[in-house]
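Student: I'm new to this one. Could you walk me through how to read it?

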Amino acid sequence: MRVVLDTNVLLAALISSHSPPDTIYRAWLAARFELVTGAAQLDELRRVSRYPKIKAILPAHRIGTMINNMQRAIVLGAMPCLPDGTEADDPNDAFLLAMSLAGEADYLVTGDRRAGLLQRGSIGRTRIVKPATFCTEAL
């Protein structure tokens with residue numbers, strides 16, 4: 001099973017132990033599924049780690065360890081363009097949809113209710129679900 005995790009899920013895994021995002025991240029570390037990521041997401045994690053509100057609650061080394069761990073995932077290079085007629089409500093989330101398609105992911109797990117990803121429900125073969133739903137259905 002291949003899975004794309006939204007950056008907000010990855011950060012939530014570090015912030016809240018024993019939460020669905022933490023359960024998902026630990027399941028990946030235990031090789032229960034393949035994680036699909038890309039250079040754009042790793043860059044986003046590096047950038048977000050420098051935000052003052054994130055620095056206040058997460059030491060940089062914890063995000064650095066996560067990024068190092070993610071080097072063992074399926075790391076995609078340049079993201080292909082989304083197919084004609086496929087758009088993300090939030091242009092900053094387009095790379096997640098592109099990773100899902102390019103990586104042939106079974107799931108895209110996101111906690112972002114405002115960006116329209118959850119409302120989309122799927123893209124190609126990829127189901128778009130909340131962390132709790134993924135835990136119930138796939139783990």
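Student: Which residues line the second largest pocket?

Tutor: Some ground rules before that. This is a predicted model, where local features need pLDDT of at least 70 and side-chain atom pairs count only at pLDDT 80 or more, while totals for chains, interfaces and linings use all residues. Residues are numbered from 1 along each chain as its sequence is written, and side-chain values use heavy atoms, with hydrogens and water left out.

Tutor: Now, a pocket is found on a 1 Å grid over the protein atoms alone: it is an open set of points where a 1.4 Å probe fits, with protein on both sides within 12 Å along at least five of seven lines, and lining residues have an atom within 4 Å of a point. Here, the second largest pocket is lined by Ala13, Leu14, Ser17, Asp22, Tyr25, Arg26, Leu29, Arg62, Thr65, Met66 and Asn69. Helices α1, α2 (20-29) and α5 (60-70) each give at least two of its lining residues.

Student: What is the volume of the largest pocket?

Tutor: A volume is the space filled by probe spheres set on the grid points, which are joined across faces, edges and corners. For the largest pocket that comes to about 390 Å³. It has 18 lining residues, and the closest to its centre are Thr7, Asn8, Glu44, Val48 and Asp112. The second largest pocket holds about 160 Å³.

Student: Which classes of residue make up the lining of the largest pocket?

Tutor: Ala, Val, Leu, Ile, Met, Phe, Trp, Tyr, Cys and Pro count as nonpolar, Asp, Glu, Lys and Arg as charged, and the others, Gly among them, as polar. The largest pocket's lining has six nonpolar, four polar and eight charged residues.

Student: Is aspartate 112 buried or exposed?

Tutor: Buried means under 20% relative accessible area, exposed over 50%, and partly exposed in between (1.4 Å probe, protein chains only). Aspartate 112 counts as buried because its relative accessible area is 17%. You'll find Asp112 in the loop between β4 (107-109) and α7 (117-120). Leaving out residues up to four places away in sequence, Asp112 touches Asp6, Asn8, Asp93 and Leu118, where contact means heavy atoms within 4.5 Å.

Student: At what angle do α3 and α6 cross?

Tutor: Axes are lines fitted to C-alpha atoms, for helices over the stretch in contact, and angles run from 0 to 180 degrees between N-to-C directions. The α3 and α6 axes come within 10 Å and cross at roughly 145°. Ala40, Gln41 and Glu44 of α3 meet Phe95, Leu96 and Met99 of α6.

Student: Where does glutamate 104 lie?

Tutor: In the loop between α6 and β4. Glu104 has a positive phi, near 50°, though it is a residue other than glycine. Its relative accessible area is 46%, so Glu104 is partly exposed. Alanine 31 also has a positive phi, about 65°, and lies in the loop between α2 and β2 (34-38). With a relative accessible area of 64%, Ala31 is exposed.

Definitions and conventions. Helix = DSSP H or I, 4+ residues; strand = E, 2+ residues; numbered from the N terminus.
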